[in-house]
Amino acid sequence: MATKHPQQDADPVASPPPPPSRRPRGFASASASSPAQARRSGEREKERTKLRERHRRSITSRMLAGLRQHGNFPLPARADMNDVLAALARAAGWTVHPDGTTFRSSSLSQPLLPPPAQFGAFQAASVETPAFTSHLNSYVIGTPLDSQVSGLLTDDSLSLSPSSLDSVVVAEQSIKNENYGNSSSANSLSCMDSHQLMRASAVWAGDYTRTPYIPVYASLSMGIINNYCQLVDPEAVRTELRHLKSLNVDGVVVDCWWGIVEAWTPQKYEWSGYRDLFGIIKEFKLKVQVVLSFHGSGECGSGDVLISLPRWVMEIAQENQDIFFTDRVGRRNTECLSWGIDKERVLRGRTGIEVYFDFMRSFHMEFRSLSEEGLISAIEIGLGAFGELRYPSCPEKMGWRYPGIGEFQCYDRYMQKNLRQAAFTRGHLFWARGPDNAGYYNSRSHETGFFCDGGDYDSYYGRFFLNWYSGILIDHVDQVLSLATLAFDGAVIMVKIPSMYWWYRTASHAAELTAGYYNPTNRDGYSPVFKMLKKHSVILKVVCYGPEYKVQENNEAFADPEGLTWQVMNAAWDHGLSISVESALPCLDNEMYPLILDTAKPRNDPDRHHVSFFAYRQQNPFLLQGNVCFSELETFVKCMHDFRIRFVAIANFQPILPIASPVPAIPTFCLGLVHQMSLKLLVLVIGRD
């Protein structure tokens, strides 16, 4: 009998076969192969790494560009992921310190929502009860509901069925300031039920009865008219107007572009698209504020086509580029014409002022009947970059990024000719030059010899140059408005001024100086401008920036938008000017609405000043069609229209905190509301005396 090898009787499980050999990698691979193969393999790996890095950077660049352009995030030029996370956290209402410390703005330890066990039986209480009144008096505008007592409101006429969108129930019970305890593996995203998470984002309370009625206007998209002056989609316009009409807005704002109407041939005007548009607006019995835009737009007007200056103007510029504003290194800004050609016959035998006058007169002749009928309530005259009365000192296409100080725009030959004449008249011909130490577009004021504290801006030469630079702006507005008053014959005329609020808390106010407003701390630069506007009896339109710009108010930029708005509005009222306010109203930013209301209707003003009307530019003109911010805008418009808000509580249902699975669920009634109202609950009672 043959003997067996000892390993044959062994358990196969106890002695598994040896693992297959693996291909060596890294240093082992290099040592196992020849030097030439290792070198080629290393070069290929380096190329693959470079391609991956380029691809990653391109994706990051597109993401950052989208956040800057469409989300108004103040990201620096060389932003990294930390900057993105900080911007997103601030936009969500969190506080982020420079060292990375992050916490909710309301408090450091306050929970985002009460434990679900507190959601018990709902007890009804009347709006008129003393308990509710005491609760209401304790509310602070802009304070999250999760840190305040929640009032209860019911109405017998409202159904309590979850299937009804009008169901209104709020629990009258205190929300305890308790933490959820330590986090564990149970509190993970996999255990989170989005229907159990609720956060209140804003509270409004105020009595706006017996306050002035302020008309509200909404801007229409500039893409509704193409470059051939044709109305692109009439039905889409009707849909948008129908939604705006349901908000009870008083009218709309329409941009009439010089580059579209007089696009091809001088003094040949095409108004057909605007004629059709005004006819549709008339069907809805809305008023129109017309903006005569004598500048180009960097945004897409129709499809991928940009709105530029008229083609015949661009043909002239091929031979004479000095018709455009020019910076210190000779770069031309083609957004608008230089004010140096206001009296120069360089536009096919016409001066810049005559070109503007002919356009305004053509508009008046075309739509005089609509003005007489009252459809056109006001006409805004574009006087510079972005339609605002300012130099194009901060052009993004030249590389400017917030919070750069910008550059002076006075180096075309016509402006230089005017500067030499002013210096000669003063008796100092060597002052016929621009500052050579004013920095560049993205410089900071303290980095320059001209704008720093004690810099040349306050020297004899600096005061001469800045007086001349701002004087050109005042002369331009004087000449244009003189002809506008003649062309429109008694119509209401408006002029928009900018809000150059960064570097406002420095001595020089560099951003305002480069924009043409000689407004350092030791001088009021707006009074001379407003004195000229009062001469022509125009309405001043102030660009008002709300809480979305507070993210940018950091120590680096020394920004103060509220301080600048206060100075501008008080200076205008001191000169007897009527004021209107324009602002962008981003949806789901409820803190902004009360601030705009307080700006439009100051409660503590002894002279009872108020704005004449309010205009808002929608970031996305068709947001209303999806009812994204319909309720907020409706409430805001009613407050502008002399209404009382007895109780408004806007609560957003969002998955914001992981909930452990053992925690009891919110009652089925709340879940039905979440489903029916698309993750949003609005509790609103509006009264009118």
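A salt bridge here is a side-chain nitrogen of Lys or Arg within 4 Å of a carboxyl oxygen of Asp or Glu. Keep in mind that this is a predicted model. Counted by that rule, there are 23 salt bridges.

Start with Arg331 and Asp327. They form a salt bridge, and their closest N and O atoms are 2.9 Å apart. Are the two partners buried or exposed? Arg331 has 32% relative accessibility, so it counts as partly exposed. Asp327 is at 0%, and therefore counts as buried.

Next, Glu388 and Arg390. This pair is also a salt bridge, with 2.9 Å between the closest N and O atoms. Here both Glu388 and Arg390 are buried.

Third, Glu582 with Lys541. The salt bridge between them has its closest N and O atoms 3.4 Å apart. Which parts of the chain does this pair link? Glu582 sits in strand S14, residues 578–584, and Lys541 sits in strand S13, residues 539–543. The two residues are 41 residues apart, so the pair counts as linking distant parts of the chain. On accessibility, Glu582 comes out at 7%, which means buried, since the cut-off is under 20%. Lys541 comes out at 0% and counts as buried.

Technical notes: Residues are numbered from 1 along each chain as its sequence is written. This is a predicted model: local features need pLDDT of at least 70, side-chain atom pairs count only at pLDDT 80 or more; totals for chains, interfaces and linings use all residues. Side-chain values use heavy atoms; hydrogens and water are left out. Buried means under 20% relative accessible area, exposed over 50%, partly exposed in between (1.4 Å probe, protein chains only). Helices (H or I, at least four residues) and strands (E, at least two) are DSSP runs, numbered from the N terminus.
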